[in-house]
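Take a walk through this fold, from its overall layout down to single side chains. Keep the sequence and the model side by side as you read.

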Amino acid sequence: MLRSLVGSEMCIRDRIQMKSYLSGNPDLVVGLNQDLAIGKAGNLYGSVVMDDCNFHECVNLSEFEYDRVLQFNPPDGEFVVMNYRITKEIVPPFRIQPFMEDAGPGRV
């Protein structure tokens with residue numbers, strides 16, 4: 001996380017970065033806070049407001065707009081899933097809670 005002082009304001013510029021070597025073409029889903037707002041649209045109590053963000057080309061943007069979910073088929077290797085910037089309430093907007101389902105013997 002990069003925090004910088006812009007004038008008298010703090011700023012967070014950060015990213016969600018992933019390293020993937022999954023075989024096949026699995027769909028991965030990362031759920032984000034439903035109260036996540038981008039730009040000035042999110043002045044509601046309890047909402048997480050990001051000034052702006054951008055995504056890797058593999059992310060399904062319609063899923064993000066509708067459900068605040070990052071759904072994608074990851075490319076092999078290391079890549080940045082999402083970049084974001086926050087200048088208002090300086091609170092990191094994410095908590096990572098991994099969840100995996102057992103798909104049978106030798107599969108996750």
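The protein chain has one helix and eight strands. Helices (H or I, at least four residues) and strands (E, at least two) are DSSP runs, numbered from the N terminus. Along the sequence the pattern reads β-β-β-β-β-β-α-β-β. This is a predicted model: local features need pLDDT of at least 70, side-chain atom pairs count only at pLDDT 80 or more, and totals for chains, interfaces and linings use all residues. Residues are numbered from 1 along each chain as its sequence is written, and side-chain values use heavy atoms, with hydrogens and water left out.

The protein chain has 108 residues, and 28% of them count as buried. Buried means under 20% relative accessible area, exposed over 50%, and partly exposed in between (1.4 Å probe, protein chains only). The protein chain exposes about 7900 Å², with carbon and sulfur atoms supplying 50% of that area. Accessible areas come from the Shrake-Rupley method with a 1.4 Å probe; for residues, only the protein chains shown count as cover. Now take the contacts between residues at least 6 apart in sequence: 65% of them join residues at least 24 apart. Contact means heavy atoms within 4.5 Å.

Which residues of the largest nonpolar core touch the most other members? They are L70, M82 and Y84, in a core of 15 residues. Elements giving two or more residues to this core are β5 (48-50), β7 (69-72) and β8 (77-86). Strand β8 gives the most, with five residues. A nonpolar core here is a set of buried Ala, Val, Leu, Ile, Met, Phe, Trp, Tyr and Cys residues joined through side-chain atoms within 4.5 Å.

Side chains of opposite charge can pair when their charged atoms come close. The structure holds two salt bridges, each defined as a side-chain nitrogen of Lys or Arg within 4 Å of a carboxyl oxygen of Asp or Glu. One joins K19 to E78, with the closest N and O atoms 3.9 Å apart. K19 lies in strand β2 and E78 in strand β8, so this pair ties together parts that are 59 residues apart in sequence. K19 counts as exposed because its relative accessibility is 56%.

R85 forms a salt bridge with D52, and here the closest N and O atoms are 2.7 Å apart. This pair also links distant parts of the chain: R85 sits in strand β8 and D52 in strand β6, 33 residues apart. R85 is partly exposed, at 23% relative accessible area. D52 is partly exposed too, at 32%.

Move to D51, in the loop between β5 and β6. Is D51 buried or exposed? It counts as buried, because its relative accessibility is 17%. The side chain of D51 reaches the backbone nitrogen of T87 at 2.5 Å. Leaving out residues up to four places away in sequence, D51 touches I38, G39, R85, I86, T87 and K88.

S20 counts as buried, since its relative accessibility is 3%. Beyond residues up to four places away in sequence, S20 touches P74, P75, D76 and G77.

P75 turns up again around H56, which touches P75, F79, V80 and V81, not counting residues up to four places away in sequence. H56 is in the loop between β6 (52-55) and α1 (61-67). H56 is partly exposed, with a relative accessible area of 23%.

Most residues other than glycine have a negative phi, and most peptide bonds are trans. R68 has a positive phi of about 55° although it is not a glycine. R68 lies in the loop between α1 and β7 and counts as buried at 13% relative accessibility. What does Q34 contact, neighbours within four places in sequence aside? Its contacts are D67 and R68. Q34 and R68 are 34 residues apart in sequence, yet 5.9 Å apart from C-alpha to C-alpha. Q34 is found in the loop between β3 (28-31) and β4 (36-38). Q34 is exposed, at 56% relative accessible area.

How values were computed: A polar contact is a pair of N or O atoms within 3.5 Å; within protein, one must be able to donate a hydrogen and the other to accept it, and residues adjacent in sequence count only if both atoms are side-chain atoms.
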